[in-house]
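Colleague: I am new to reading structures. Could you take me through one, feature by feature?

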Amino acid sequence: MKIGEASRVSGVSARSLRHYEDEGLILPGRIGNGYRDYCRSTIDRVLIIRSLLESGLPVRLIREVLPRLADGAGGGTGAPCAEFVQEVQSYRDRLAARIAELSAQQSALDAYLREARRPDR
């Protein structure tokens with residue numbers, strides 16, 4: 001699919017798709033006239049990238065961890081340095097804290113809705 005359709009399907013702007021390509025995060029194919037050609041697996045990768053960016057992971061780290069996340073592979077080209085592992089751990093810890101915060105908010109809303117829907121109110 002061309003960039004306009006890929007943008008519509010993924011919910012990511014064409015500009016962002018070009019940026020992801022410039023950053024080496026995606027590599028769309030090219031058709032005879034030079035236009036980008038996005039396949040379903042590239043769109044799936046874009047959705048992962050978007051999620052990671054929205055979670056606060058910087059592009060530099062996304063570039064490193066994306067192959068493992070997108071391909072489901074556990075291996076890499078060698079052991080990452082301790083600093084990189086610490087950065088990913090820090091990101092993961094922030095993500096876990098956000099999940100806990102959202103879960104608490106969801107529980108509070110559930111309690112409110114249960115109370116609000118009680119027939120004896």
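Colleague: Let me start with one residue. Which residues does Ser7 touch, not counting those up to four places away in sequence?

Modeller: Keep in mind that this is a predicted model. To find contacts, look for heavy atoms within 4.5 Å. Ser7 touches Val12, Ser13, Ala14 and Leu17.

Colleague: What does the side chain of Ser7 reach at 2.6 Å?

Modeller: The backbone oxygen of Val12. A polar contact pairs N or O atoms within 3.5 Å.

Colleague: Where is Ser7 found?

Modeller: In helix α1, which covers residues 3-10. Ser7 is one of the buried residues there, along with Ile3, Ala6 and Ser10. These four cover an arc of only 100° around the axis, so they sit on the same side of α1.

Colleague: What do the buried residues of α1 pack against?

Modeller: Three elements: α2 (14-22), β2 (36-37) and α3.

Colleague: What comes just after α1?

Modeller: Look at the backbone angle there. Gly11 takes a positive phi of about 80°. Just after α3 there is Gly56, with a positive phi of about 100°.

Colleague: Now α3. How far apart are its end C-alpha atoms?

Modeller: Work out the expected span before you look. Take 1.5 Å times one less than the number of residues. With 15 residues, α3 should span 21 Å, and its end C-alpha atoms are 21 Å apart, so the two agree.

Colleague: Which residues in α3 are buried?

Modeller: Thr42, Ile43, Val46, Ile49 and Leu52.

Colleague: Let me try a loop. Where does Pro58 lie?

Modeller: Between α3 (40-54) and α4 (59-71). Its relative accessible area is 35%, so Pro58 is partly exposed. Now compare sequence with space. Pro58 and Tyr38 are 20 residues apart along the chain, and their C-alpha atoms are separated by 24 Å.

Colleague: And where does Cys81 lie?

Modeller: In the loop between α4 and α5 (82-116). Cys81 has a relative accessible area of 47%, so this residue is partly exposed too. Cys81 and Glu5 are 76 residues apart along the chain, with 39 Å between their C-alpha atoms.

Colleague: Step back to the whole chain. How many helices and strands are there?

Modeller: Five helices and two strands. Read them from the N terminus: the order is α-α-β-β-α-α-α.

Colleague: How does the radius of gyration of the chain stand against that of a compact globule?

Modeller: A compact globule of 121 residues would have a value near 14 Å, but this chain has 20 Å. Along the principal axes, the C-alpha atoms fill roughly 70 × 40 × 20 Å.

Colleague: What share of the residues counts as buried?

Modeller: 21% of the 121 residues. The accessible surface of the chain comes to about 8,300 Å², and carbon and sulfur atoms hold 52% of that.

Colleague: One last reading. What share of the contacts with a separation of 6 or more comes from residues 24 or more positions apart?

Modeller: Count along the chain, then sort the contacts by separation. Here that share is 44%.

Note on methods
Residues numbered from 1 in each chain as written. Heavy atoms only, no water. Polar contact = N/O pair within 3.5 Å; in protein donor to acceptor, adjacent residues only side chain to side chain. Buried < 20%, exposed > 50% of the residue type's maximum accessible area, 1.4 Å probe, protein only. Arc of directions from axis to C-beta. Rg over C-alpha atoms; globule rule 2.2 N^0.38 Å. Areas by Shrake-Rupley, 256 points an atom, 1.4 Å probe, with all protein chains shown as cover.
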